[in-house]
Amino acid sequence: MTPGTYLVVDDSKLHHQMYQLIFGREELAGSTLLHAYNGREGYELFVAHPELRLVFLDLNMPVMNGLEFLHRRRAESMHPQIPVVLVTTESTAEDEARGLEAGAWGYLCKPFAPEQLLALVGRASRLSQRVAQP
Amino acid sequence: MSAREHPFAALLAEYVSECLPLAEDVAERAVALERAWDEGTEADDIARPLKGTLHTIKGNSAMMGLPALQTLAHRLEDLWGVLLSDADSRDAGVALLVRGTGLLADLVRATASTPPAEDATASFLEEVDAFLSAERGAREPAREERRSPDRRTTERRAARAAGELGSDGAISTIRVDSRRLDALLETFGEAMIAQAGMRDAMRHLTHRRSAADELAQLERAMLGLDRTLKRLEGALMETRMLPISTVFSRFTRLVRDLAHGEGKRVRLEVAGGETRVDKTVIDRLSEPLVHLVTNAVIHGIERPEQREAKGKPAEAVITLRAVQRSDRVILTVTDDGRGLDPEGILRKARALGQAPAGDNPSLAEIYALAFLPGLSTADQVSQLSGRGVGLDVVASSIRALSGNVTVGSEPGRGTTFSLRLPLTVAVLRSLLVEVSHERYALPLADVAETLRVRPETLHQVARQGMMTWRGEVIPVLDGGRVLGGDTAESRTYCVVLRSAARHRGLLVDALLGHHEVVVKALDPSLGRPPAVAAATILGDGRVACILDTGRLADGWVEPAAALAT
């Protein structure tokens with residue numbers, strides 16, 4: 001996988017460390033991980049980094065939650081090419097439908113294994129290469 | 001899968017540090033909610049974060065591969081959903097919620113050492129399931145509505161956790177093994193000893209009055225080093241400080257459970273939880289506090305009907321309070337119960353031959369007797385003094401931290417225990433004294449005054465030395481007799497020691513000035529002389545004992561006993 005920049009938006013410090021642990025693996029060497037601890041911080045970083053390859057967005061957060069993030073992004077047509085994965089705990093089918101409706105590219109359900117996350121990163125990485133070299 | 005093989009096993013400590021405050025918060029809210037519903041008071045603010053917090057704990061536990069915790073949090077979410085939507089279920093359900101959230105906090109706390117076993121939660125889960133299915137049966141039509149609560153309305157936990165992080169998103173705290181900090185402190189202590197040695201050498205040089213320029217230069221360097229070490233000390237100590245709320249947080253449930261068991265109504269109020277105290281103090285504080293709070297609920301507080309008969313509110317209040325006063329923290333445990341019985345205490349003390357000298361002991365003197373070994377161990381004591389087991393145990397564990405404990409009480413109105421503790425136990429500001437050619441360190445916080453004595457100011461009353469100090473007659477101990485040196489000499493100085501209730505003089509040969517000493521614990525297997533709290537190493541490499549001033553000031557070291565050792 002070519003190195004890229006990734007954004008994690010989650011209010012749990014523990015989860016940021018989990019992402020860090022996974023991104024410390026060899027196959028992701030050279031990649032950059034950006035951290036935000038609520039939706040608003042996350043959105044600011046999202047706006048400032050058009051080069052993002054993938055965003056991991058927690059659904060339940062203070063200040064601005066994941067769905068509000070997605071709605072604002074759609075309303076402002078901000079970087080529609082960047083895939084955003086919604087991360088939730090035990091979501092219902094309606095939740096997932098609402099998330100995808102709001103523009104989520106994928107869904108990651110806690111508990112997830114590192115391999116699931118890596119698979120999404122791989123998909124996003126191939127997508128970005130197709131976009132860069134049509 | 002055991003947590004050890006799990007991909008995120010390395011983050012277990014991080015999990016505990018994130019989830020334990022959340023779980024403790026939920027447990028406290030459950031107790032507060034039970035009370036609010038019972039009293040019919042407004043509970044929305046208490047209840048609002050519950051759902052989101054439980055959800056976070058569930059998610060985190062799931063990620064960490066802790067199924068017992070995940071299931072428990074999930075079931076508590078379900079239970080909470082039922083309680084919210086059906087007010088009739090609350091009486092029965094909220095007690096389950098209190099137990100379950102308490103269990104949750106206990107399990108998270110224990111996770112640091114052992115992954116929780118499924119069976120720790122099994123019987124509780126059965127009870128919740130029985131409750132939930134009974135509720136479902138009672139209101140079948142509402143079932144679907146309950147099962148898909150609107151997740152968008154979830155408000156997630158206080159911003160507290162986010163506050164630990166810088167706004168740039170960088171992690172601003174790191175986890176360090178406290179043994180490494182101890183080792184760092186040890187090294188710092190050695191630097192301080194070396195510096196004290198240099199200072200002594202320089203003092204000697206100054207008297208020679210040669211090489212004045214070089215000396216002045218050296219002195220400036222010493223001053224610089226002094227300041228640097230002071231700053232280093234401050235920074236080091238700061239790393240060991242924890243908010244005292246980490247101890248307080250366990251008491252909400254303790255008080256509730258004890259009160260339930262006793263058929264009493266008790267509310268716990270907490271103040272000053274943000275006060276920061278050395279980790280060692282925190283670690284050793286829990287036990288004596290549990291002791292005092294337990295005693296207050298069981299012996300201090302009356303039954304609701306007794307309270308009402310006395311014109312007091314049926315619900316009693318126990319207050320835990322922490323206040324910082326310069327380099328000490330004062331902790332108080334206050335109850336509004338029946339108070340101590342001074343006559344009962346005095347009677348018991350006389351029976352044990354421990355009554356104070358003098359015919360008319362003050363109330364403070366009588367209450368101080370409550371801490372004597374043997375006085376509060378028998379069950380009769382709970383009848384006559386309103387206090388239960390082992391206050392002497394509390395006193396000795398507080399003294400082991402170079403602190404002291406006193407008690408004040410008003411019959412019928414309540415009792416307050418005050419614990420004065422150092423903020424840190426690693427470095428001690430002390431007064432060095434010499435007795436029979438040995439050096440001793442006295443904690444400066446316990447020194448009221450030092451004075452030169454003339455033999456004619458000392459008197460013998462009932463074979464005890466006395467002197468007048470600031471218009472007060474205080475007992476005086478001879479340092480040589482107490483510390484096992486020779487007893488024949490007449491000594492030049494008197495150090496007036498204070499504990500909260502009384503003063504006592506200690507006669508010494510010389511005053512050697514103020515020093516900051518690094519406290520070295522004594523090897524417990526060697527036993528501990530009654531007047532010695534710990535030891536330290538001085539600038540010249542000699543060892544000095546740090547005296548247990550609380551014990552000396554309270555007169556618990558009888559000269560005869562000291563001679564015998």
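Which residues in α9(B) meet which residues in α10(B)?

A: Quick housekeeping before the details. This is a predicted model, where local features need pLDDT of at least 70, side-chain atom pairs count only at pLDDT 80 or more, and totals for chains, interfaces and linings use all residues. Residues are numbered from 1 along each chain as its sequence is written, while chains are lettered from A and ligands numbered from 1 in the order in which they are written.

Now the pair. From α9(B) come L181(B), L184(B), L185(B), F188(B), A191(B), M192(B), Q195(B), M198(B), R199(B), M202(B), L205(B) and T206(B). Facing them from α10(B) are L215(B), L218(B), E219(B), M222(B), L225(B), L229(B), L232(B), E233(B), L236(B) and T239(B). Contact here is when two residues have C-beta atoms, placed from the backbone, within 7 Å. Sorted by class, the contact of α9(B) with α10(B) has 16 nonpolar, three polar and three charged residues. For those classes, Ala, Val, Leu, Ile, Met, Phe, Trp, Tyr, Cys and Pro are nonpolar, Asp, Glu, Lys and Arg are charged, and the others, Gly among them, are polar.

As for geometry, α9 of chain B covers residues 178–206 and α10 of chain B covers 212–239; they pack at an angle of about 160° with axes 11 Å apart. Axes are lines fitted to C-alpha atoms, for helices over the stretch in contact, and angles run from 0 to 180 degrees between N-to-C directions. The helices (H or I, at least four residues) and strands (E, at least two) are DSSP runs, numbered from the N terminus. α9(B) and α10(B) are therefore roughly antiparallel, a label for angles over 145 degrees, with under 35 roughly parallel, 65 to 115 roughly perpendicular and the rest oblique. The crossing of α9(B) past α10(B) is left-handed, that is, the near helix is turned anticlockwise from the far one by less than a right angle (clockwise would be right-handed).

Another helix pair in chain B is α1 (residues 12–39) with α5 (residues 90–111), whose axes come within 8 Å and cross at roughly 160°. That makes α1(B) roughly antiparallel to α5(B). Their crossing is left-handed, and the contact of α1(B) with α5(B) has 18 nonpolar, three polar and four charged residues.

Chain B also has an open sheet of five strands, in the order β2-β4-β5-β7-β6, with mixed pairing. Its edge strands are β2 (266–271) and β6 (404–410) of chain B, each pairing on one side only. The twist averages 15° from one strand to the next. Pairing takes at least two DSSP bridges between two strands; β2(B) and β4 of chain B (residues 316–325) have six, in the parallel sense. Within that pair, V270(B) has L320(B) in β4(B) as its bridge partner.

Helices lie across this sheet too. α13 of chain B (residues 279–300) lies across β2, β4, β5 (328–335) and β7 (414–422) of chain B, at about 20° to β5(B). α18 of chain B (residues 391–399) lies across β6 and β7 of chain B, running at about 140° to β6(B).

Zooming out, chain B has 21 helices and 18 strands. Among its contacts between residues at least 6 apart in sequence, 69% join residues at least 24 apart.
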